[in-house]
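Colleague: Please show me the model, and I will ask about its fold and its surface.

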Amino acid sequence: MEVLGVGACGNQGWVGIGLTDGAYAGSLMDRRLDTLIERAISARVIAVRAGA
């Protein structure tokens with residue numbers, strides 16, 4: 001299963017780390033959260049942490 005963990009990345013916007021079956025599968029970065037999520041079309045689960 002493909003999942004994406006997303007976190008705020010200061011002035012850079014958002015960073016997402018993808019896992020496939022528990023193994024690192026790549027990363028994404030975007031200034032806008034909605035755009036980052038749209039780019040993760042194969043992820044079945046997306047978890048967002050938006051605070052300190």
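Predicted model: local features only at pLDDT ≥ 70, side-chain atom pairs only at ≥ 80, totals over all residues.

Modeller: Residues are numbered from 1 along each chain as its sequence is written, and side-chain values use heavy atoms, with hydrogens and water left out.

Colleague: Which pattern does the chain follow along the sequence?

Modeller: Helices (H or I, at least four residues) and strands (E, at least two) are DSSP runs, numbered from the N terminus. Read along the sequence, the pattern is β-β-β-α-β.

Colleague: What is the radius of gyration of the chain?

Modeller: The radius is taken over C-alpha atoms, and the globule rule is 2.2 Å times the number of residues to the power 0.38. For 52 residues, a compact globule would have a value near 10 Å, which agrees with the radius of gyration of the chain, 10 Å.

Colleague: What percentage of the residues of the chain count as buried?

Modeller: Buried means under 20% relative accessible area, with a 1.4 Å probe and protein chains only. The chain has 52 residues, and the part that counts as buried is 19%.

Colleague: What percentage of the accessible surface of the chain belongs to carbon and sulfur atoms?

Modeller: Accessible areas come from the Shrake-Rupley method with a 1.4 Å probe. The total for the chain is about 3,600 Å², and the part belonging to carbon and sulfur atoms is 55%.

Definitions and conventions: Buried < 20%, exposed > 50% of the residue type's maximum accessible area, 1.4 Å probe, protein only.
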